[in-house]
Amino acid sequence: MKRYGRTTAVDGLDLELPAASVLALLGPNGAGKTTTVEVCTGFLRADAGEVRVLGTDPAGAPDALRARVGVMPQGGGAYPGVRAAEMLRVVAACSAHPLDPGWLLDVLGLTGCARTPYKRLSGGQQQRLALACAVVGRPELVFLDEPTAGMDPQARRLVWEMVGALRRDGVAVLLTTHLMEEAEALADQVVIVDHGRVVAQGTPASLTAASGAQELRFRARPGMDVDGLAAALPSGYGAAERTAGRYVVQGRIDPAVLSTITTWCAGQGALADDVQVAKRSLEDVFLELTGRELRS
Amino acid sequence: MTFPAGTFTPRPGPGSPGRMLAVQAGTELRLALRNGEQVLLTLLIPVVLLVGLTLLRVVPLPEPRVAAVAPSVLALAVMSTAFTGQAIAFGFDRRYGVVRRLAATALPRWLLVAGRLAAVLGVVVIQVVLLAAIAAVLGWRPAPAGVGWAVLLVLLGCSAFGALGILLGGSLRAEVTLALANLVWFVLLLAGGIVVPLAELPGPLAAVAGVLPSGALAEGLRLVLTTGRPPAPAHVLVLLGWTAVATAVSVRAVRLR
């Protein structure tokens, strides 16, 4: 548990991360993701509870632990005037058997800006340099705090590929993100946190399948009577017009239900167009659990 | 395939302390020499003061003027690098997250500080060589017996001002550090016994300046380099005292960001 004054940032988070696996800590801003990473890396001391990372207490024996762990802190971290290549070399020198910094800069597309001062790198370049610093020491366990924030889609794909390669080679990866797509694509285990507590956890598949709910989306003439549609369906089904002309029906979708919907639309003189049957995405699960309002 | 199988197979372990120190200190030294404001503070201003105070009679000094000016400017150089430059760099390094970045590696805390101080020593060596050479051209002939003592005083000055610089840069916000480090530099330059010898300062001010690291270092350097005699015990004790106090407070007060 970690408190700041009267605010409890993290409360009773149980995480288990085996080698060669990826755990995604998913949650809205302020959920306690970064606090969790900082407690696990020994930058913050938990106010209560037990934390063991690779068998040691991160608050007690940081040097021995840090030699085995790679950290990508949020916002990176570099001397303001340092060149990208210089920074990576400083971090590489802290490890006994580092990866070749020149090669790492090359695969991360940073060779062109190897001599550019850190302050003048773009946000995405700074992120890639921070990622290089996290993995250059060949750690057993890597903490990536929002690794793809500010990256363009190409760079994000590359990072995903790297996370996959880390996992393949036996590294345990804990990453925080608020991108559902990222958690779904990378993680073996997803832990959804909000207000410092776990609200759901499991594999991406189990989380999206948990409720068993499905939905059918279609387009038609705006302003149809959705209550009438719901009445035409068996009990337990819901219907709504999400935005003008875009409808959604929630419940188990089978051929009879689909037929009922299209027949009802025909009765309204409307053609149900662009019909899609969708499983809930992780995003739906996330929004259901953490609410749809914007966080201050 | 961008990452061949086995690329990331874990092989962790801390680097050798010597290599960590050399790479960190070397990088910080290069950064200090690349930074225009740092070079202005640590090299240009001392050189201008050395030449200016020797050639222009704005401050009353015994002849030959360079004999009094050169040790004063060496003291200024130490203060500029170890205290003002160091505090500002440390403050902004914390702001930019590099201190946490390095603390998150296998680099132990003591090496993190040692690397910074080694970079400071590197800059001081460059300053001393450059300033001594210019002073020699201006006719400076220091007492040979005092040179060893002067090296000792410079090292003690680096530790006292270095510890104070770490304390200031490590505990306050970067902007506050920037303002305070420059203000303190200016006040100590004029009233702290550096350009104006203690004997020329008004009584109470001279008493205060005598127990400041600036006064102890500058008076000590002027004494050993003009007479060749060892420094007064007070000079050494004042510098050691500031080192001890600043180190003790730093251990508690310095934050990684």
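Predicted model: local features only at pLDDT ≥ 70, side-chain atom pairs only at ≥ 80, totals over all residues.
Residues are numbered from 1 along each chain as its sequence is written, chains are lettered from A and ligands numbered from 1 in the order in which they are written, and side-chain values use heavy atoms, with hydrogens and water left out.

**The sheet of chain A**

- Six strands form an open sheet in chain A, in the order E4-E5-E6-E3-E7-E8 and with mixed pairing; strands (E, at least two residues) and helices (H or I, at least four) are DSSP runs numbered from the N terminus, and two strands pair if DSSP finds at least two bridges between them.
- Strand E4 (69-72) and strand E8 (197-202) of chain A are the edges: each has a single partner strand, so one side of each is left without a neighbour in the sheet.
- On average, neighbouring strands of this sheet are turned by 15° against each other, direction ignored.
- Strand E5 (residues 141-145) and strand E6 (residues 172-177) of chain A pair in the parallel sense over five bridges.

**Helices on the sheet**

- Helix H1 (residues 33-40) of chain A packs on the sheet and touches E3 (22-26), E5, E6 and E7 (189-194) of chain A, where contact means heavy atoms within 4.5 Å.
- The direction of H1 makes about 150° with that of E6(A); axes are lines fitted to C-alpha atoms, for helices over the stretch in contact, and angles run from 0 to 180 degrees between N-to-C directions.
- Helix H6 (residues 153-168) of chain A lies across E3, E5 and E6 of chain A, also running at about 150° to E6(A).

**A helix pair in chain A**

- Helix H3 (residues 84-93) and helix H5 (residues 123-135) of chain A pack at an angle of about 20°, with their axes 9 Å apart.
- That makes H3(A) roughly parallel to H5(A), a label for angles under 35 degrees.
- A:Ala84, A:Met87, A:Leu88 and A:Val91 of H3(A) meet A:Leu129, A:Ala132 and A:Cys133 of H5(A).

**Chain B**

- Chain B has ten helices and zero strands.
- Along its principal axes, the C-alpha trace of chain B spans about 75 × 35 × 30 Å.

Note on methods
Parallel < 35°, antiparallel > 145°, perpendicular 65-115°, else oblique.
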